[in-house]
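Thanks for asking me to look this one over. My notes are below, as numbered points.

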Amino acid sequence: MGGKICLGEMTGAVMETIWFCQVSVMIAAYVLLDGFDLGAGAIHLLVAKTAEERRQVLAAIGPVWDGNEVWLIAAGGTMYFAFPALYASGFSGFYLPLMIVLWLLILRGTSIEFRNQEGGEVWTQFWDFIFSAASLLLAVFYGAALGNVVRGVPLDASGYFFEPLWTNWRLGRETGILDWYTVLVGLTSLAALVMHGALWLQLKTAGAVNQRATRLAKRVWWAVLSLTVMVTLATFAVQPSVPANLSAWPWGFVFPLLAVAGLASVRWDLAKKSETGAFFASCAYLAGMLTSIVFGVYPMVLPARDSAFSLTVENAKAGAYGLKVGLVWWAIGMILAAIYLMIVYTSFVGKVAAKLDSRD
């Protein structure tokens, strides 16, 4: 009997970890895929100077941007299914920034769809500005949200919290959405996604847009390098579980090493003019950064400023039976999603031209 109980507890712990990893993978997929969309939007007005060049940027993301955003919905749905306590607590505490993110997503999608539905140069320039501004702000807010999760939130015994947009910008017990650490993570996110978007545009475009995107990627690389070093040192100081987990499980260093190798490879591939290599190196950098964070905070899914109230894979999980059954359907859904992803991206190989933007 004792052996069966221990086996059941071990199986439960493994199941929780599996779902934790699955949610993390889906979030990482969203960042890698929609990340280049956001980056391309943020630099839209920098790399494209004419109407034709701006159509070329939109054509570079046109067939995939809305499909990429599905991964955000899928990750949220999976989180709701596997860790309902995390979903409830996070949405209550982050209500204000979530509404801001929702409006930015709406404005971004609207700007792409409506850009040429209203006649006149004024409307076109207006929607171009909205597209760029919404993309830029989304990159910053996503980074700030990640910074909040790593830093910890003011959870109490009830499992809920509320954060204003900012307080005194310090890391006390009562924190705001924005403080010096979350702003630093937000700026790092912006720089990383700008580089990611520039490398995508370099890969998918030709001519002047390609050249400007390449130059921008080379310049932003230095900002990404500097901010990565600063945010890493700050994270070690702000969240003690990160160095503790690396010390307890040294194999976890594979994740930050992936980020370092990816960032170094971006520079190497830019120098070699390997457009495909540089983009996938950027993917490796982003994946390494995200997995380093996931590894560093585990088993917490939402750290609290008072660690006694943190949500973990254990106290935030759904029922054991639901997790087991859901694993089968999740696998089927992911297989279908992977097939769809392969079909779309293999049908979208090569450089684009402005005339390929069907919405124009």
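1. Cys21 is partly exposed, with a relative accessible area of 39%, while Cys283 is buried at 13%. Here buried means under 20% relative accessible area, exposed over 50%, and partly exposed in between (1.4 Å probe, protein chains only). A search of the whole structure finds zero disulfides, a disulfide being a pair of cysteine sulfur atoms within 2.5 Å.

2. Please keep in mind that this is a predicted model: local features need pLDDT of at least 70, side-chain atom pairs count only at pLDDT 80 or more, and totals for chains, interfaces and linings use all residues. Residues are numbered from 1 along each chain as its sequence is written, and side-chain values use heavy atoms, leaving out hydrogens and water.

3. The protein has 13 helices and two strands, which are DSSP runs numbered from the N terminus (helices H or I, at least four residues; strands E, at least two). Of its 360 residues, 48% count as buried.

4. Have a look at helix H5 (residues 84-93), where Leu86, Ser89, Gly90 and Gly93 are buried. These residues lie on the same side of H5, because they cover an arc of only 95 degrees around the axis (the arc of the directions from the helix axis to the C-beta atoms). Their cover includes helix H4 (65-82), helix H6 (95-114), strand E1 (300-302) and strand E2 (311-312).

5. Among contacts (heavy atoms within 4.5 Å) between residues at least 6 apart in sequence, 79% join residues at least 24 apart. The C-alpha atoms fill a box of roughly 70 × 45 × 40 Å, taken along the principal axes.
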